[in-house]
Amino acid sequence: MNAQATASHIGTTAPASTLLLAVDGVTVDFDGFKALNGFSLTLDRGTLRVLIGPNGAGKSTLCDAIIGRVRATSGRVIFKDQDITHLPEHEIVRRGICRKFQTPGVLPGLSVVDNLMIAAKRDRRWWSTFRHGVAAEEKARVADILETIGLADRAAAPAGHLAHGEKQWLEIGMVVATRADLLLLDEPTAGMGPAETSQTAALIRRLVGQHAVLVIDHDMSFLEQLDARVTVMHQGQFLKEGSVAAIRADADVAAVYLGRAKEDTHHG
Ligand SMILES: Nc1ncnc2c1ncn2[C@@H]1O[C@H](COP(=O)(O)OP(=O)(O)OP(=O)(O)O)[C@@H](O)[C@H]1O
């Protein structure tokens with residue numbers, strides 16, 4: 001199935017209007033410094049959102065607060081109608097949120113397909129994958145993921161032999177393999193050239209519908225290709241939300257980026 005067909009198929013079956021995640025007035029206070037300051041955001045099932053903001057705006061802290069790596073000082077994180085604010089990270093992951101770097105990481109000596117098999121193993125006991133074999137259902141799922149991430153013809157290659165972009169796609173595939181409903185992707189195009197960046201945008205668009213995806217990235221050409229709703233953060237707070245075109249044209253957004261650039265120049 002080609003990418004477009006997959007995306008449109010998923011698009012027609014996704015329960016697109018159901019609320020999946022609500023970040024409700026979350027503050028994260030690091031000894032008096034509010035990395036998040038009453039920040040709110042909602043995300044529906046199967047939808048794509050891009051989060052941007054100048055350096056230090058609080059984007060990573062937001063992901064940390066969602067996944068339980070840092071604790072909200074106040075406010076709540078609601079996922080699938082449950083308050084997950086104070087749950088341990090592993091329990092949040094079990095409930096269906098996965099961040100790219102939380103996958104075991106690509107094991108360079110193992111093949112692409114074996115890396116995906118390990119991530120697909122729900123109980124995460126890696127070695128049991130080899131001891132007990134893999135269910136047919138998991139094999140089929142992994143074959144699907146290989147198609148989605150564009151690595152079907154590299155399935156048998158050792159992951160360590162992949163190019164930089166291919167390794168990133170494998171990591172995204174490993175997040176998908178965990179069956180998470182919400183995928184958090186922090187700068188998925190880091191270090192990529194224009195061709196790989198375009199392929200990454202297409203890959204992410206193929207995931208939408210089956211998963212909600214929250215992407216942090218600064219690359220405007222990537223954001224244009226993703227064609228997603230954009231939320232802009234500044235100093236731990238919500239600044240704006242809108243289409244890529246609207247955000248590009250927004251004077252307040254330009255001002256916070258330029259302001260930051262001036263500070264960076266000043267200090268640097
Ligand atoms: N553990 C911590 N203790 C103290 N301050 C922290 C901690 N983690 C982050 N910060 C501060 O919180 C602010 C927000 O950081 P965060 O990494 O969330 O920003 P960001 O938007 O992801 O930035 P970047 O685009 O540079 O990755 C920054 O000023 C950072 O120095």
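A residue is near a molecule or strand if its C-beta atom, placed from the backbone, lies within 6 Å of that molecule or strand. The views below show a predicted model, in which local features need pLDDT of at least 70, side-chain atom pairs count only at pLDDT 80 or more, and totals for chains, interfaces and linings use all residues. Residues are numbered from 1 along each chain as its sequence is written.

**View 1. The shell around the ligand.** Phe30, Phe33, Ala35, Gly53, Asn55, Gly56, Ala57, Gly58, Lys59, Ser60 and Thr61 surround the ligand. At least two residues of this shell are supplied by each of β2 (33–44) and α2 (59–67); helices (H or I, at least four residues) and strands (E, at least two) are DSSP runs, numbered from the N terminus. Helix α2 gives the largest share, three residues. By class, the shell has four nonpolar, six polar and one charged residues. Ala, Val, Leu, Ile, Met, Phe, Trp, Tyr, Cys and Pro count as nonpolar, Asp, Glu, Lys and Arg as charged, and the others, Gly among them, as polar.

**View 2. Gly38 in strand β2.** Gly38 is partly exposed, since 14 other C-beta atoms lie within 10 Å; a residue is buried with 20 or more such atoms within 10 Å of its own C-beta, exposed with 12 or fewer, and partly exposed in between, the C-beta atoms being placed from the backbone. Leaving aside residues up to four places away in sequence, Gly38 touches Gly25, Thr27, Gly75 and Gln237, contact being defined by C-beta atoms, placed from the backbone, within 7 Å. Gly38 and Phe238 are 200 residues apart in sequence, and their C-alpha atoms are 8.4 Å apart in space.

**View 3. Helix α7 and its surroundings.** Helix α7 has 14 residues and reaches 20 Å from its first C-alpha to its last, close to the 20 Å expected at 1.5 Å a residue; the expected span is 1.5 Å times one less than the number of residues. The helix is mostly covered, with 11 of its 14 residues buried, among them Trp169, Leu170, Ile172 and Met174. The cover over these buried residues includes β6 (97–99), α4 (112–120), α6 (136–148), β7 (182–186) and α8.

**View 4. The pair α7 and α8.** The axes of α7 (residues 164–177) and α8 come within 11 Å and cross at roughly 10 degrees. Axes are lines fitted to C-alpha atoms, for helices over the stretch in contact, and angles run from 0 to 180 degrees between N-to-C directions. The two helices, α7 and α8, are therefore roughly parallel to each other, the term for angles under 35 degrees. Gly165, Gln168, Trp169, Ile172 and Val176 of α7 meet Glu196, Thr200, Leu203 and Leu207 of α8. By class, this contact has five nonpolar, three polar and one charged residues. Buried residues in α8 include Gln199, Ala201, Ile204 and Arg205. Just after α8, Gly209 takes a positive phi of about 110 degrees.

**View 5. Positive phi at Asp81 and Arg179.** Asp81 lies in the loop between β4 (74–79) and β5 (82–83), and its phi is near 65 degrees, a positive value in a residue other than glycine. Asp81 is exposed, because 9 other C-beta atoms lie within 10 Å. Arg179, found in the loop between α7 and β7, has a positive phi of about 70 degrees although it is not a glycine. Arg179 is partly exposed, because 14 other C-beta atoms lie within 10 Å.

Conventions:
Parallel < 35°, antiparallel > 145°, perpendicular 65-115°, else oblique. Contact = placed C-beta atoms within 7 Å.
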